[in-house]
Structure formats: structure tokens, C-alpha cells
Amino acid sequence: METTVVSNEEIELSLPYFSKWNVESHTALFQTMEAYVALLNESGIHQQLDGFSSMYKQELNQIQKEPVEVPIMVQKKPLSSLSFYKLLELIELLQDSQTQEVYFQVVEGQSTNSMRQKGLTNLHAHDLLNNVKRKHIITVFDQLQHLNLITKNSRNFTLTPKGRRIYQLLTAKHASAS
């Protein structure tokens, strides 16, 4: 039976490394684990993990305080979660690169040479609201703005911090569902 002697310099921070150990006595194992714990304490991993945990808990609490309380309506029908995600994704992808008119053309499903060359017809939101009149599409964007999810400036739309957080949550949700 082999016994692995481990010094502080040889400690790897991985489970596969620890799984290869073969110790003949509990004393050697406890001494090695004490060295490992000392190394963890020196590197401050506990504090870093606590910091990340606190940061994510605060962000989650903030998001839960600011939910989208009313559905986005399109011609008296609520927009699905997937469609909502695709709209936020469109705004995130096109930020500062296209005019408001292009956003509307994408969701309407228009397909011009210019749009094809720019890859806009390959976006998930392309053709999303193809059976909806332009005035209703504009209303959808107005609702997003009213809910403080997007901002409209002179040329285009951008996600607000709240909109970006919701977009990130939906990205994780839809990525795990695929």
C-alpha cells in the first residue's frame, strides 16, 4: 500500500487530487487536512466566497423588489416570457448600433439587403411580431420604457440596469431550458 506524503507546497486544490490519496493512518490524514485548511485560510477563499454570496443575495433581493408586475401587452394579449426575452436580447445586441426604425423592422420581420448583410435577419427577435401593426409594436416599446426596462434616446434603445438584470435572469432561465 502506498502512502502519499504531502507538504504545503504540493497541495492541489482539487477533488481528483485528494481522491488519489492513500493514507495508512488517520493522523497523517488529519495533519494533511490541517495543512490544507491553513492554505485555504491564507488564500482568503472563505472571505471571497462570502463576499460573492453576499453580493448575489443583495442583487437577488433587489431584483425581487423590482419585478415586472404587469405583463407586456400586444394587442390585448400578454407577451410570452420567451418573446419578452427576445425583445430584451434584441435591445442588448443592437444597443447604440442601429436606429429605432431598425428595431421595429426586425420585429416586423422585414428582410432588406442591408438587414441581411448586417445579420439582422438572423436575430431571434426577427419576425417576432410579424402579424402586429406598427403602432402596436411602438406601444410594446413604450411599455418597456414605462416599466423602466429600456431607455429611448434620440437614435435607439438601451437596457436600463433593471432591464439588464432581468435580461440576465431570463438568459440563464432560457439557457437552462435548452
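Helix α4 (residues 81-94) packs against helix α7 (residues 134-146) at an angle of about 80°, and their axes lie 12 Å apart. The model is a predicted one, in which local features need pLDDT of at least 70 and side-chain atom pairs count only at pLDDT 80 or more, while totals for chains, interfaces and linings use all residues. Residues are numbered from 1 along each chain as its sequence is written, and side-chain values use heavy atoms, with hydrogens and water left out.

Two packed helices are described by the angle between their axes and the distance between the axes. The axes are lines fitted to C-alpha atoms, for helices over the stretch in contact, and the angles run from 0 to 180 degrees between N-to-C directions. The helices α4 and α7 are therefore roughly perpendicular to each other (under 35 degrees counts as roughly parallel, over 145 as roughly antiparallel, 65 to 115 as roughly perpendicular, and the rest as oblique).

Which residues of α4 and α7 meet? On the α4 side they are Phe84, Leu87 and Ile91, and on the α7 side Val140, Phe141 and Leu144; contact means heavy atoms within 4.5 Å. By class, this contact has 6 nonpolar, no polar and no charged residues (Ala, Val, Leu, Ile, Met, Phe, Trp, Tyr, Cys and Pro count as nonpolar, Asp, Glu, Lys and Arg as charged, and the others, Gly among them, as polar). An α-helix has 3.6 residues a turn, so residues three or four places apart point the same way.

At 1.5 Å a residue, its 14 residues should span 20 Å, and the end C-alpha atoms are 20 Å apart, which agrees; the expected span is 1.5 Å times one less than the number of residues. Helix α4 is mostly covered, with 10 of its 14 residues buried (buried means under 20% relative accessible area, exposed over 50%, and partly exposed in between, with a 1.4 Å probe and protein chains only). Among these buried residues are Phe84, Leu87 and Ile91, as well as Glu89 and Glu92. After α4 comes aspartate 96, whose phi is positive, near 65°.

Helix α5 (residues 100-108) is also mostly covered: 8 of its 9 residues are buried. They are Gln100, Val102, Tyr103, Phe104, Gln105, Val106, Val107 and Glu108. What covers them includes the helices α4, α6 (113-117) and α7, together with the strands β3 (150-152) and β4 (157-159). Just after α5, glycine 109 takes a positive phi of about 90°.

Next comes strand β1 (residues 73-74), where valine 74 lies. Is valine 74 buried or exposed? It counts as buried because its relative accessibility is 9%. Leaving aside neighbours within four places in sequence, valine 74 is in contact with Leu79, Leu129, Val132 and Val140. Valine 74 and leucine 129 are 55 residues apart in sequence, and their C-alpha atoms are 8.9 Å apart in space.

Glutamine 143 lies in helix α7. With neighbours within four places again set aside, glutamine 143 is in contact with Pro71, Ile72 and Met73. Between glutamine 143 and proline 71 there are 72 residues of separation along the chain, and 9.3 Å between the C-alpha atoms.

Two loop residues other than glycine have a positive phi. Glutamine 75, in the loop between β1 and β2 (77-78), has a phi near 50°. It counts as partly exposed because its relative accessibility is 38%. Aspartate 127 is found in the loop between α6 and α7 and has a positive phi of about 70°. At 36% relative accessibility, aspartate 127 counts as partly exposed.

Helices (H or I, at least four residues) and strands (E, at least two) are DSSP runs, numbered from the N terminus. From that end, the elements run α-α-α-β-β-α-α-α-α-β-β-α. Of the 178 residues in the chain, 35% are buried. Among contacts between residues at least 6 apart in sequence, 56% join residues at least 24 apart. The chain exposes about 11600 Å², with carbon and sulfur atoms supplying 54% of it; accessible areas come from the Shrake-Rupley method with a 1.4 Å probe, and for residues only the protein chains shown count as cover.
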